[in-house]
Amino acid sequence: MPQTTAAVNSNSDLRAKSLFAILLAVLASVFWGAMGVCVQYLFETTDITPLNLVSIRLPLAGLLLVALNLIFVRKKMLGVFSSPKAVFGIVLSGFEVLFAHLTFFFAIYYSNAGTGAIFLGLVPLLAGIYLYLRGKKGFTSIEVLCCAIAFFGVVFIVSKGDLSNFDFNWNTVFWGLVSAVFAVIYSIQPKPLIEKYGVEPVVSWGIFSAGVASFIVLRPIDAMLSLTPNGWLALGFIVVFGTAAAFWMYLYSLKYLSPVVVGLIVCVEPLSAFLFGVMFMNLHLGLLETLGVIMVLANVVILSCVPAKPKQKPPR
């Protein structure tokens with residue numbers, strides 16, 4: 001039976017929103033990759049620690065998001081306070097961001113950026129397993145294929161063909177796995193809140209609340225005062241683009257894509273970090289790295305070509 005005009009228009013609209021969500025997830029990954037280069041710069045040239053960095057970037061990014069969104073979407077930002085349950089869920093999501101990035105920085109601190117990036121490849125797999133166990137969604141054949149392509153693409157990029165570049169000590173494995181688990185939780189837990197209240201209040205109040213708490217507990221004032229002008233530039237990029245903009249785009253993409261698909265797209269992050277390293281830190285692009293780049297990009301192209309499926313309504 002041919003589709004009606006309304007059905008065709010609905011499918012086209014869903015397709016356009018899905019492609020836009022994919023674009024936002026890719027941009028978020030690019031910002032996170034560039035942020036990784038800035039983080040490495042701060043760790044190598046200053047005395048700043050992972051605890052300092054997290055407790056500086058989150059409150060500043062949260063303050064920026066809250067201030068801007070109170071100006072442009074004030075009603076939506078204040079509307080969440082009518083529900084204590086929603087406020088609790090939003091604050092919880094902020095602490096999930098805090099722990100995901102703090103544990104990821106610890107994984108890098110105890111090994112190197114390449115080893116830490118490997119654990120990002122586990123996020124879509126863990127998200128898919130969780131959703132399957134909960135009976136919400138099974139893996140599609142395309143998602144299984146993309147999981148394999150993305151994971152090995154990341155391995156080729158960060159290993160440079162030499163597995164000895166990885167440093168899988170117990171501290172690294174522990175913090176890397178904890179980071180992946182928190183990343184999965186953050187990609188799933190706030191999704192109903194985003195659908196009901198919008199992206200702006202969820203990401204703004206969540207990051208702001210976790211940031212204020214971390215700032216009060218860790219008190220990174222001395223670390224902030226010790227930064228050089230170049231250090232402040234790197235921190236500014238981390239706050240504005242690597243945190244505020246990236247998390248807004250990441251959460252917006254979850255409105256129209258599953259956590260598994262978004263997790264697969266976020267595998268672009270190690271790719272972007274490597275390419276920024278080539279441009280600014282004198283890294284060299286070899287044969288295996290090139291193959292890894294092609295595989296990660298192919299993963300995004302494949303996901304972009306899969307038709308978007310409308311949400312199924314429960315039977316009455």
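**Close-up 1. Two aromatic residues of helix α12.** In this predicted model, W248 and Y252 both belong to helix α12, which spans residues 229-253, and they sit four residues apart, about one turn of the helix. The centres of their rings are 5.3 Å apart and the planes meet at 20 degrees, so W248 and Y252 count as a stacked pair. W248 has a relative accessibility of 25% and therefore counts as partly exposed, whereas Y252, with a relative accessible area of 18%, is buried. Both residues belong to one aromatic cluster, which F20 and Y256 form together with W248 and Y252.

**Close-up 2. An aromatic pair between helices α4 and α8.** Among the 16 aromatic pairs that the structure holds is the one formed by F99 and F182, whose rings lie 5.5 Å centre to centre with 35 degrees between the planes, an arrangement classed as tilted. This pair links distant parts of the chain, since F99 lies in helix α4 (residues 84-109) and F182 in helix α8, 83 residues apart. F99 counts as partly exposed, at 36% relative accessibility, and F182 likewise counts as partly exposed, at 23% relative accessibility.

Close-up 3. Helix α6 covers residues 123-133, and its buried residues are V123, P124, A127, G128 and L131. Just after α6, the backbone at G135 takes a positive phi of about 75 degrees.

**Close-up 4. T46 in the loop between helices α1 and α2.** The loop that holds T46 lies between α1 (5-45) and α2 (50-72). T46 has a relative accessibility of 14% and so counts as buried, the cut-off for this class being under 20%. A polar atom of the T46 side chain lies 2.5 Å from the backbone oxygen of L42. The backbone nitrogen of I48, in turn, lies 3.3 Å from a polar atom of the T46 side chain.

Definitions and conventions. Residues numbered from 1 in each chain as written. Predicted model: local features only at pLDDT ≥ 70, side-chain atom pairs only at ≥ 80, totals over all residues. Heavy atoms only, no water. Buried < 20%, exposed > 50% of the residue type's maximum accessible area, 1.4 Å probe, protein only. Polar contact = N/O pair within 3.5 Å; in protein donor to acceptor, adjacent residues only side chain to side chain. Phe/Tyr/Trp six-rings, centres within 6.5 Å; stacked < 30°, edge-to-face > 60°.
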